[in-house]
Number of protein chains: 2
Amino acid sequence: MRVPFETVKETVKKAFLNAGLTEEQAEECARIHTQSSCDGVYSHGLNRVPRFVDYVHKGWVDVKAKPELLHARGAAEHYDGHLGIGILNAEFCMDRAVALAKEHGIGLVALRNTTHWMRGGTYAWRAAEAGYMAICWINTESCMPLWGSKEPSVGNNPFCIGIPHEGGSIVLDMAMSQYAYGKLGVYRLAGKKLPFPGGFDKDGNLTDDPGAIEESMRILPTGYWKGSGMAIALDMAAALLANGRSGDQINADELGSCGGCCQIFLAFDPYLFGSKEEAEEMLNRRIAAVHAAAPEREGGRVSCPGERTVATRGEHLANGVEVDESVWEEVCRLAQ
Amino acid sequence: MRVPFETVKETVKKAFLNAGLTEEQAEECARIHTQSSCDGVYSHGLNRVPRFVDYVHKGWVDVKAKPELLHARGAAEHYDGHLGIGILNAEFCMDRAVALAKEHGIGLVALRNTTHWMRGGTYAWRAAEAGYMAICWINTESCMPLWGSKEPSVGNNPFCIGIPHEGGSIVLDMAMSQYAYGKLGVYRLAGKKLPFPGGFDKDGNLTDDPGAIEESMRILPTGYWKGSGMAIALDMAAALLANGRSGDQINADELGSCGGCCQIFLAFDPYLFGSKEEAEEMLNRRIAAVHAAAPEREGGRVSCPGERTVATRGEHLANGVEVDESVWEEVCRLAQ
């Protein structure tokens with residue numbers, strides 16, 4: 001069903017106020033959850049609201065905590081998130097990285113001991129829309145087998161790149177698993193096979209049967225050994241820079257998904273070494289070359305990361321945000 | 001066949017001296033090519049020597065050019081490579097990034113108008129062995145179809161992460177294609193299928209037949225749409241920061257593979273916000289957790305990026321570097 005953006009946001013906000021967030025916290029978190037659904041990332045938008053409220057009730061997210069500056073050196077800052085609200089901690093840190101990039105050309109903020117940031121792309125979009133290039137990533141609890149292993153042994157550690165562009169930012173938001181668990185459920189409920197193999201069944205055979213992968217927990221790293229290698233490197237790099245937990249120390253049963261994780265925020269002044277005009281000319285030409293690439297199927301269209309998000313956003317703003325009816329009912333109850 | 005490291009290096013050095021490199025240039029480039037073969041990356045080690053010599057003869061690589069500082073701002077520097085020797089330009093820039101990281105905590109060097117850096121991992125290893133964390137990437141000519149396209153429309157844009165560790169650095173060196181073209185040839189010549197589908201045949205069917213992919217030029221991005229999206233984001237990010245060519249402007253027929261490309265070097269002081277002791281403790285624990293992950297097959301072993309490289313390096317140093325006989329003969333001729 002479709003619900004207007006403002007209605008979704010106000011409802012989520014009431015749910016968050018009921019959970020004990022302040023007016024300002026509830027407003028911003030509701031905006032971000034609604035924006036994620038509006039952008040088509042339902043799994044980390046409205047669908048995550050009940051779980052976030054549950055985490056607050058369990059004390060896994062401390063709504064009173066604020067990021068604490070531990071160290072500042074040159075173009076880099078280090079914060080402890082004190083298990084505060086993941087979205088607000090991450091927004092604060094990306095904004096600090098942008099401020100450092102304004103001064104030094106680039107900025108690094110390393111955040112430890114924070115909580116789920118919901119959709120990673122939020123922060124890449126945020127920097128890009130403020131006119132800065134960004135790279136950010138997170139380490140999560142083990143939810144994916146490393147290549148060569150049959151048990152969850154690394155996080156899916158989303159990695160994001162944001163590039164500002166007047167015609168619409170280019171934003172990559174990429175987890176290290178080929179499919180999210182949420183996506184497997186969507187296919188299973190629809191009685192469909194995955195478009196490509198997404199994991200191994202319990203006997204170790206590569207399969208496109210979503211239910212068999214949910215059962216085995218052997219979700220496939222994107223690009224087999226490649227996504228596995230990148231996931232472990234991102235995990236270590238995050239824990240190293242933030243002097244915080246590595247993935248093996250993040251326990252979802254203790255503090256919830258991503259509870260106590262590390263996040264890294266890098267911001268770059270994109271016009272450090274060239275003018276905005278040169279940058280826009282390059283991006284317009286490069287994007288045009290992407291669109292001009294011969295499509296695989298007649299009538300197909302090749303697009304850049306973020307382009308479909310912008311299209312979905314526009315359609316949802318015009319016609320209402322698509323919401324799952326049962327999730328919407330649950331959030332409405334939380335808002336009462 | 002096996003040839004001792006020093007013999008390989010001295011032979012490559014003579015070939016490079018014959019091509020017009022100075023003593024110092026030839027020594028360093030020979031060391032890097034030999035090290036790549038020694039580490040098991042044959043495609044960018046000895047096997048690339050004849051092509052590099054050919055590029056010098058064609059004037060595609062200018063052995064007299066040096067990186068020129070165009071701009072310096074805060075923790076960031078911008079260089080023009082003037083189509084100089086790719087390895088030397090890239091080593092210089094990674095060393096500058098490390099020097100900037102020493103001063104500012106992090107350092108960024110953006111290099112434009114350079115040439116093939118051979119093995120991307122070289123520079124991540126270099127920073128890691130100097131005690132710095134590094135991220136680096138390159139944009140290349142279009143050699144891979146974007147997802148949804150049937151023609152080469154983006155580079156395979158290798159992306160590297162290096163993490164210093166006393167027991168052996170963790171180094172990820174990952175191109176955005178599932179398999180390198182070189183690897184397809186190896187499988188085809190051995191009469192083997194690929195372990196997993198590596199591209200599409202000319203009719204658009206996903207296939208594990210290496211010859212069919214060489215024919216169609218429709219090599220598969222790693223993780224399908226994911227590697228495709230990351231490749232285009234890396235391309236734009238490199239061209240943006242270096243104010244240089246985007247992939248669509250890199251023409252291998254004009255200046256050779258990677259001729260005129262951009263490269264980005266990021267270095268991080270890994271002990272910015274924690275002690276080396278804390279870092280080593282975390283890495284040792286995390287690596288042990290990787291090794292303890294239940295293997296898929298009995299007797300299997302799960303490893304971190306770089307671990308197999310270190311093992312291959314040790315074996316080659318003890319028993320001689322593995323070289324392809326026909327390539328070795330060709331390099332010996334170039335050295336005469």
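In the predicted model, strand 5 (residues 133-138) of chain B is paired with strand 12 (residues 261-268) of chain B in the antiparallel sense, over six bridges. Within this pairing, Ile135(B) stands opposite Leu266(B) of strand 12 of chain B. Both strands belong to an open sheet of seven strands in chain B, ordered 2-3-4-12-5-8-9 and mixed in its pairing. The edges of the sheet are formed by strand 2 (68-73) and strand 9 (170-174) of chain B, each of which pairs on one side only. On average, and with direction ignored, neighbouring strands of this sheet are turned by 10 degrees against each other.

Two helices of chain B lie across this sheet. Helix 4 (residues 86-104) of chain B lies across strand 3 (76-80), strand 4 (106-114), strand 5 and strand 12 of chain B, and runs at about 160 degrees to strand 4 of chain B. Helix 8 (residues 225-242) of chain B lies across strand 3, strand 4, strand 5, strand 8 (159-163) and strand 12 of chain B, with an angle of about 85 degrees to strand 12 of chain B.

Helix 8 of chain B also lies across strands of chain A, namely strand 5 (133-138), strand 8 (159-163), strand 9 and strand 12 (261-268), and runs at about 45 degrees to strand 8 of chain A. A helix of chain A is a further partner: the axes of helix 10 (residues 276-292) of chain A and helix 8 of chain B come within 10 Å and cross at roughly 155 degrees. Because angles over 145 degrees count as roughly antiparallel, helix 10 of chain A is roughly antiparallel to helix 8 of chain B. The crossing of helix 10 of chain A with helix 8 of chain B is right-handed. Ala279(A), Met282(A), Leu283(A), Arg286(A), Ile287(A) and Val290(A) of helix 10 of chain A meet Ile232(B), Asp235(B), Met236(B), Ala239(B) and Leu240(B) of helix 8 of chain B. By class, the residues of this contact comprise nine nonpolar, no polar and two charged.

Chain A contains an open sheet of seven strands in the order 2-3-4-12-5-8-9, with mixed pairing. Strand 2 (68-73) and strand 9 (170-174) of chain A each have a single partner strand, so one side of each is left without a neighbour in the sheet. Strand 2 of chain A pairs with strand 3 (residues 76-80) of chain A in the antiparallel sense over five bridges, and Glu68(A) stands opposite Asp80(A) in strand 3 of chain A.

Note on methods:
Residues are numbered from 1 along each chain as its sequence is written. Chains are lettered from A and ligands numbered from 1 in the order in which they are written. This is a predicted model: local features need pLDDT of at least 70, side-chain atom pairs count only at pLDDT 80 or more; totals for chains, interfaces and linings use all residues. Side-chain values use heavy atoms; hydrogens and water are left out. Two strands pair if DSSP finds at least two bridges between them. Helices (H or I, at least four residues) and strands (E, at least two) are DSSP runs, numbered from the N terminus. Axes are lines fitted to C-alpha atoms, for helices over the stretch in contact, and angles run from 0 to 180 degrees between N-to-C directions. Contact means heavy atoms within 4.5 Å. Angles under 35 degrees count as roughly parallel, over 145 as roughly antiparallel, 65 to 115 as roughly perpendicular and the rest as oblique. A crossing is left-handed if the near helix is turned anticlockwise from the far one by less than a right angle, and right-handed if clockwise. Ala, Val, Leu, Ile, Met, Phe, Trp, Tyr, Cys and Pro count as nonpolar, Asp, Glu, Lys and Arg as charged, and the others, Gly among them, as polar.
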